[in-house]
Amino acid sequence: MPVEFDSIRGEHQRVREAAGKFDVSHMGQIEVTGPDAAALLQRLTTNDVAALDPGEAQYAAITDEEGIMLEDTVVYRLPDGETYLFVPNAGNDAAMADRCRWIRSAFDLDAEIDNTTTDWAMIAVQGPDAPARYETVTDSRYTLDRFEIERATIAGVDCLVAATGYTGEDGFEILTPWAEATGVWDAFDVQPCGLGARDTLRLEMGLLLSGQDFDPDEQPRTPYEAGIGFVVDLDTAFVGRDALEAAREAGVEETLCGVELLDRGVLRHGHTVTTPDDEEIGHVTSGTMSPTLGVSIGLAYVDNEYAEPDETVRVIVRDEPKKARIRATPFLDR
Amino acid sequence: MSFDIPEGLRYLDSHEWIDVTDGTARVGVSDVAQDELGDVVFVELPAEGDQFDAGAEFAVVESIKAVSDVYMPASGEVTAVNEALLDRPELINEEPYGDGWLVELELDDADELDGLLSAEAYAERIED
């Protein structure tokens, strides 16, 4: 996927106001089947996989024994009820398939693990007009609620369609066999969008970017620090559970917050956050100019004491302290 | 992709231009630069009276996707900055050689311009 097809601002606006399509085939796909498929994913991910009915999906984290996030992912229970499929971030599919095999062996589980990343292309169609667009390319009506998945024939191709995405808008993601992907892509007469708009859209919603807002090496964080404690179910037995229970009891020292720059400039990854008295209290992990709001927004890990909406802070941009304030996320109402 | 590269201006490999008319030198970034950056959303400019050597970083242009330092084509003192860019940084995308200019200079030594690229030479560089 290129950074932009036309312009990031234009593509962004089309998705917020109409619809756009993204080729997200860089995302991985791991399929798990067999008698212990659900048990394996329960060990792998922090959310409660047992709560998934056939055709449902959930957001989850994958943590190590210390409760540090290795991945964020969506776990799908396919409509057949037998197959579980989860979507690791780009480049992490092999490591996650290995992690599944390690869990299978460590807990003596009966499951088959297939890394099908190169079998599937993935196309996201997002925006308020996306559901109506769906009905122009298939005979079926669009009846999916958020985090549901079904089989559908799109432009004559058997696909999986899930009401998930990374933009905050209505819309869906299509899993289609690689060989058929071009036909499915071309069937949607909407704005093609690149990685640039994908990033500005997700940042306006405060959604995490793996490798940037968390990273086991560069930015080791628990789901609580990363602001996604809602995907941690301590009543399930996942790898990292005990560490996370202790972390929750101890409380976090830093929390990922929304930040809005009040002075002119653009927040960027790596900027230091300080109090108005120059005391260092955190760092920006993601930043951009919000095309919708016309101000610079970002995400930053900030000392808990200051991680409250409307707290006035400074962000150091090229040695200059600039005025900013902490914001609740998402930055947009959706 | 074809870019606008006006004759009569001098260019740097790093995509700045300088235009000297009636003793005033105006500096900006080229059509190639604005196209590579995409939507420009912020410009940091020097102050009037600041002195720069040729090759020095004197401004920062930020698009949604990138931060880019801008380099001085020739040594001199800043005599004017384009304040309009503070509210309308997109002028750099719209008119990189016109209303999207960055600063005006009083040159230390006009002979320095002889070492810069002509429009023709710059066009050849960006084709490589």
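**View 1. Strand 8 and strand 9 of chain A form an antiparallel pair.** In this predicted model, the pairing between strand 8 of chain A and strand 9 of chain A, the latter made of residues 157-162, extends over 6 bridges. Within this part of the structure, E150(A) is found opposite V161(A), which belongs to strand 9 of chain A.

**View 2. An open sheet of 6 strands in chain A has mixed pairing.** The strands of this sheet follow one another in the order 8-9-10-7-1-11, and its edges are formed by strand 8 (149-154) and strand 11 (191-193) of chain A, each of which pairs on one side only. From one strand to the next, the twist averages 30 degrees.

**View 3. Chain A and chain B meet through 13 residues of chain A and 9 residues of chain B.** On the side of chain A that touches chain B, helix 1 (8-17), helix 6 (195-204) and strand 14 (280-289) of chain A each contribute at least two residues. Sorted by class, this side of chain A holds 4 nonpolar, 5 polar and 4 charged residues.

**View 4. Residues 24-106 of chain B carry the annotation "domain: Lipoyl-binding" in an unreviewed UniProt entry.**

Definitions and conventions: Residues numbered from 1 in each chain as written. Chains lettered and ligands numbered in written order. Predicted model: local features only at pLDDT ≥ 70, side-chain atom pairs only at ≥ 80, totals over all residues. Contact = placed C-beta atoms within 7 Å. Helix = DSSP H or I, 4+ residues; strand = E, 2+ residues; numbered from the N terminus. Nonpolar A, V, L, I, M, F, W, Y, C, P; charged D, E, K, R; others polar. Pairing = 2+ DSSP bridges. Axes fitted to C-alpha atoms, helices over the stretch in contact; angles between N-to-C directions. UniProt positions renumbered as here; feature names shortened; annotations may be inferred.
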